[in-house]
Amino acid sequence: MTATGDLILVLDAGTTSTRAMVLAADGRMLAVAQQELTQYYPQPGWVEHDAAEIWKRTLACAREAVAQVGGAERIAGIGITNQRETVVAWDRASGQPLHRALVWQDRRTAEFCAALKHAGQEPVVQAATGLLLDPYFSATKMRWLVDNVPDVAAAAQRGQLALGTVEDWLVHQLTGGAHLTDASNASRTLLLPLDGASWDEGLCDLFGVPRDALGEVVDNAGHFGTSRAEWLGRAIPITGLAGDQQSATVGQGCLAPGQTKATYGTGAFVLANMGSALPRSGHRLLGTVLCQLDGQRQYALEGSVFVAGSLIKWLRDSLGVIASAAETEALARSVEDSGGVTIVPALSGLGAPHWRPEARGVITGMSFATSRAHLARAALEAMAMQTADLAHAFAADGAQWHTLRIDGGMSANDWMAQDLADVLQVPVERPDFVETTALGAAMLAGVGAGLFGSLDEAARAMRGQVRTFAPGTPPGEERRAAWERALAST
């Protein structure tokens, strides 16, 4: 398609907040608006969002960001990126949500996953989808909604049920009816074979998900409908869609096999570009679709850690150990080490490569000498130790890291970035513009809108400078041993 403007509007619907940004074709951020999302915890291990609130606040942010650049006339396309496995159920006729969204962190389907594992289904599912049987992924959440929410079941009976991830929900609301999902988000559901163009009937039957409730699987860049004019002042094409971690991988310019990024946000997510080869892991990593353009897929190997920045938020909001996340860097530098304290942040279970949904967090090694500085340093050290566990698994799967590109809110912490380099013994690169999730969505939308002829061209135009943290002296073996002991106690 031919662009009618030179700017990209990015909608970034995250876990704790939703944002809208306007980016220029050279990667400069011209406008930003952000609103918090309400977190609901009905029971231990359950995490929900209000889908109507996600839409309302995303739209409000979009309107504010567009107003900051003088209106929608220069917007060539909309790029959407989102928290991935979160599931929304809505009525196709009314467009209204039928239940709160079940968030990717939600663990309520652990027993169902365990039953499928016991029945010997995990090898079959992993071979098809690249994923493991875990409550993290979307399919069991969809099944729970159908089984436990009468309005969802009734909509399914009427043939009016829509089940989708957050980008699907936003597209539906923006366009007034489209029901589609991009290949990167679809690959996180347990319902899309890595080498399949669309949903697999056998997987839908296995998980009890109505096939006709799912949307069309599409590319990551293209024309996916047009926003209704009343939302933003004029109709704007939606030209880019991607799950947040795939979007960050694109934004980091990891477009060639072997290039690897780690995003430290609510959780921590490492993706290594595997090219066109189907990713197969023997060490409990995930195979996923990185990007699909013109029906052709690039794949990634992924390691997902469930708790990263949310550990710092917990120390701040629940324990009152720190007043702000930014405070952790000065606290970590104020002590020589963690004073023997080790934190394993399994507050939502353990993700890759352990996959233990029943695990709970532990803090070991405390004494009367333990200070809040020791706790803050131990929390930051946990980021490198969790990442090192992933590095070992990636190397065992033949995807050894030679450089790690980092982004996300926590990556702004220089102490943590250097600790990563020291523990991993590889250079760690951090871009000056750390909003790489938004940048990747803008790059994809720019390609879809015709501003760029390829992702490589978009990366050359939009990516900025990087800072490199060179590896220094690695920590002693005692730190690794303390981590292993604490890990075992979860």
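**Entry 1: an acidic patch**

I began with Asp337, which counts as partly exposed because its relative accessible area is 43% (buried means under 20% relative accessible area, exposed over 50%, partly exposed in between, with a 1.4 Å probe and protein chains only). I found Asp337 in the loop between α12 (327-333) and β16 (342-344), where helices (H or I, at least four residues) and strands (E, at least two) are DSSP runs numbered from the N terminus. I noted that Asp337 gathers with Glu336, Glu477 and Glu478 in a surface patch of negative charge. Such patches are made of residues with over 30% relative accessible area and no salt bridge, with like charges joined within 9 Å and nonpolar side chains (Val, Leu, Ile, Met, Phe, Trp, Tyr) within 5 Å. Lys and Arg count as positive and Asp and Glu as negative, while His and the chain ends are not counted; the place of a charge is NZ of Lys, CZ of Arg, CG of Asp or CD of Glu. The accessible areas come from the Shrake-Rupley method with a 1.4 Å probe, and for residues only the protein chains shown count as cover.

**Entry 2: what I am working with**

I keep in mind that this is a predicted model, in which local features need pLDDT of at least 70 and side-chain atom pairs count only at pLDDT 80 or more, whereas totals for chains, interfaces and linings use all residues. Residues are numbered from 1 along each chain as its sequence is written, and side-chain values use heavy atoms, with hydrogens and water left out.

**Entry 3: the whole chain**

I listed 17 helices and 20 strands for the chain. The radius of gyration is 21 Å, close to the 23 Å that the globule rule gives for 490 residues, so the chain is as compact as a globular protein of that length; the radius is taken over C-alpha atoms, and the rule is 2.2 Å times the number of residues to the power 0.38. Along the principal axes, the C-alpha atoms fill a box of roughly 60 × 50 × 45 Å. I also noted that buried residues make up 61% of the 490 residues.

**Entry 4: salt bridges**

I looked up 31 salt bridges in the structure, each a side-chain nitrogen of Lys or Arg within 4 Å of a carboxyl oxygen of Asp or Glu. In one of them, the side chains of Arg57 and Glu53 meet at 3.3 Å, N to O. Both residues lie in helix α1 (residues 51-68), 4 residues apart, which is about one turn of the helix. An α-helix has 3.6 residues a turn, so residues three or four places apart point the same way. Arg57 is partly exposed at 27% relative accessibility, while Glu53 is buried at 10%.

I then turned to Arg188 and Glu85, whose closest N and O atoms are 2.8 Å apart in a salt bridge. This pair links distant parts of the chain, 103 residues apart, with Arg188 in the loop between α7 (183-186) and α8 (201-207) and Glu85 in the loop between β5 (75-82) and β6 (88-91). I recorded both Arg188 and Glu85 as buried.

A further salt bridge joins the side chains of Asp91 and Arg158 at 2.7 Å, N to O. Asp91 lies in strand β6 and Arg158 in helix α5 (residues 150-158), so the pair ties together parts that are 67 residues apart in sequence. Asp91 is buried, with a relative accessible area of 8%, whereas Arg158 is partly exposed at 47%. I also traced one network in which salt bridges that share partners join Arg84, Glu85, Arg188, Asp244 and Glu302.

**Entry 5: covered places**

I checked helix α6 (residues 166-175) and found it mostly covered, with 10 of its 10 residues buried; among them are Trp169, His172 and Gln173. Just after α6, Gly176 takes a positive phi of about 80°.

Thr288 sits in strand β14 (residues 286-293) and counts as buried at 0% relative accessibility. Its C-alpha atom is separated by 5.4 Å from that of Ala300, 12 residues apart along the chain.

Most residues other than glycine have a negative phi, and most peptide bonds are trans. I noted that the peptide bond from Ala352 to Pro353 is cis, with omega near -5°, and that Pro353 lies in the loop between β16 and β17 (362-364). Asp294 has a positive phi near 55°, lies in the loop between β14 and β15 (296-305), and counts as exposed at 72% relative accessibility. Gln425 has a positive phi of about 60° although it is not a glycine; I placed Gln425 in the loop between α14 (414-424) and β19 (428-431), partly exposed at 39% relative accessibility.
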